[in-house]
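Could you walk me through this structure, one selection at a time? I have it open in my viewer and would like to know what to click on next.

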Amino acid sequence: MTSTENAKPLVLGYTDVHPFSKVNISDRASVQELLKTILDPLKPHFSPLKATIRVPGYTAVRFDYKAAEIEGICRPMWGLAGLLGGGGEYEGTDWFIEGLKAGTDPENPEFWGWPRDNDQRMVEMCPLGFTLAVAPVFWDSLNEKERTNVENWLGNSINQKNMPNTNWLWFRVFANLGLKKNGGKYSQEKIEQDIIHLNSFFRGEGWSNDGPEGIWQQDYYSGSFAIQFLQLLYAKLAGDEDPAKATEFKKRAQDYALDFIHYFDEEGRATPFGRSVGYRFAMAGFWSALAYADVELPAPLTWGIVKGILLRNLRWWQTQNQIWGATGTLTIGYSYPNMYMSENYNSPGSPMWACLVFICLAVPQDHPLWTSEEEPYPTNLLQKVKALKHPGHIISYLGGHRFLLSSGQACSYPMRATHAKYGSFAYSSAYGYSVPTGCFTLEQYSLASQLGFSDDGGEFWKARRLCEEASIETYDDKPVLRSIWKPFPDVKVKTYLIPPVEETPNWHLRVHKIQAGREVMTADGSFAICNERKGDERYLDLYDSKTCEGTLPKIIGNYDLNTPEGSSPGSIGSFAVSKGAVGIVSLEKYCSRTAMLVNADPNSNLIESRTVIPTLQHTIKKGETVWYLTAIYAKPSGKDVLPETYLDGWDKKPDLPQWLRNELAAYVAANTF
């Protein structure tokens, strides 16, 4: 291959299926084939001198477009390096080598440019540094001048630059490590200093914050996207000369694995939470790194279990046929192209961070990851409900899906939809989470698994973003999340999140004590669910027990509470049935909330592009204190779940736990005159 004319573009037409979805994933060779279906569509998008890849999309980001195109060529190197490092071959490797030569040459018209402080180029130095460390063909293909160019651009150009006080510091470590592995000019001092500082993020039992003390942000960057992942790669590459850190990082990974397994379900889906979930199958990257670093697995994990988690995740993504652009490249989004859920640093090339999952290809063929028989998800070996102290989550296996209750985390800087990505009450592997599409009315706010407040009659809404307090408490030997938060300075909310119990496995409870210093409307939302009929994809009608789909009450309009068909008493509740069932009901007897359906704006949910959200609405007068006792129903669809059973648990409402009854009784007694 010597020119872009040799690269025949992939064109996905009306009925075409991406080659990615045609691979029969079963072993190492099939995963190699899978990676190539991602790399091949990039070929027509290389620049003339191969320094960058312009992934189709053309949407802007907070950094310059040159940096976005550098993402385009460097991020696929995660996968390419894994492939080459494991002894595999790729006929397009030469283009990436030529890109490295051109991009780091200041005299080349496609020069990548010198990084400034806090420059996006720093991020792309990480996969590039790793590639140099594990794929000798890159360094070996450079002449003396080209090696000097790489030394000057990679690592040494940023060793005196300011970097964000986050996981980014690992990127400088790997820039220097890649040079070190090849005898290039590097800074051991920076490697040591950065790791010392990164270790200050560690919080215990495997978990690290994505930032210093005072920040509570433990999302996929704490694991697969950066910190755990890169700790393990460091342990593998630097273990011989730095055995103490390697041992410590492997120990952290053992502890983390016993928690992180709870973020995946039996079908292979990861539970979306936090930012950058548009990196898709990178969410499973930790499991690849675990094998690459030869970590001894803690019981009850086996390599057959790890293999199953990893391969099932890739297989699930094979079923998501809308993640591709017309020429076969990954798009910004989750289960379909979606800018609403993106971050301001997501360029068209950003989703290629997903390629880090293919580090598993650097794992030798004789490793037990590949030689073990794939095992099913170990549901029966794990607790049905478990509190995870460090991320502030309670994980539930009850009710047919993996979901987590959450309180306390928040992004430490302004981010689009931050209240939805970190502040929602529940996150589900089946239903994902929803983000706002605008700032006018409930349709656009899409308050799935959130409690919203409006003081202007329903035009603007505020939900939980920051918690003044958040903790996991134990009542009757069961974990409960408690948080204190204020949507307005004079509106105080105490929230309890109570996981399901065996008797009512499809229900969890949200309890809110609200002290209102102003009059506010409230909207309490369940999970969002697909708003399409099976036969013709039109929106759901009134529930039909024969077709096992529809809503109750009828979808009318978000503020039309006067049409009888469009609302019902809160004690009756509302539900929607399509791909499973979700619903919401109020259990309090002294507050008359109204149940209805929010016809959420298209493209507000990560997984389904058209959704409806069963919701309870109410108005609290200024000076009032009210308790909301909310029960949320969820029973997802599944291979062995019959549609006629979707509502089987609806009529059996959950009981309030005794400790909560006692607190309510004490409140009533103290406020009765």
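Let's begin with the aromatic rings: this predicted model holds 53 aromatic pairs. To see one, select phenylalanine 286 and tryptophan 287. Phenylalanine 286 and tryptophan 287 are both buried.

Now select tyrosine 427 and tyrosine 433. Here the ring centres lie 5.7 Å apart with the planes at 85°, so this pair is edge-to-face. Are these two tyrosines buried or exposed? Tyrosine 427 has 0% relative accessibility and therefore counts as buried. Tyrosine 433 comes out at 3%, so it counts as buried too.

Show lysine 50 together with tryptophan 95: the lysine lies over the face of the tryptophan, 4.8 Å from the ring centre. Then move to lysine 236, which lies over the face of tyrosine 292 at 5.8 Å from the ring centre.

Next stop: a helix. Select residues 65-74, which form helix α2. How many of its 10 residues are buried? Eight are, so the helix is largely enclosed by the rest of the structure. Colour the buried ones to see them: Ala67, Ala68, Glu69, Ile70, Glu71, Gly72, Ile73 and Cys74.

Now for a strand. In a regular strand, side chains alternate between the two faces of the sheet. Select residues 451-454, strand β7, and look at each side in turn. Leu451 and Phe453 are on one side, Gly452 and Ser454 are on the other, and all of them are buried, with both faces of the strand covered. Bring in strand β12, residues 520-525, and you can see the partner of β7: the two pair in the antiparallel sense over four bridges. Within β12, threonine 522 stands opposite phenylalanine 453.

Finally, colour the model by confidence. The protein chain has a mean pLDDT of 96, and 98% of its residues reach 70 or more. Where does pLDDT stay under 50? Select residues 1-5 to find out: that is the stretch, and the model has 13 contacts for it beyond four places in sequence. Where pLDDT is low, the predicted coordinates should not be read in detail.

Notes:
Residues numbered from 1 in each chain as written. Predicted model: local features only at pLDDT ≥ 70, side-chain atom pairs only at ≥ 80, totals over all residues. Heavy atoms only, no water. Phe/Tyr/Trp six-rings, centres within 6.5 Å; stacked < 30°, edge-to-face > 60°. Buried < 20%, exposed > 50% of the residue type's maximum accessible area, 1.4 Å probe, protein only. Lys NZ or Arg CZ within 6 Å of the ring centre and 35° of its normal. Pairing = 2+ DSSP bridges. pLDDT = per-residue confidence, 0-100. Contact = heavy atoms within 4.5 Å.
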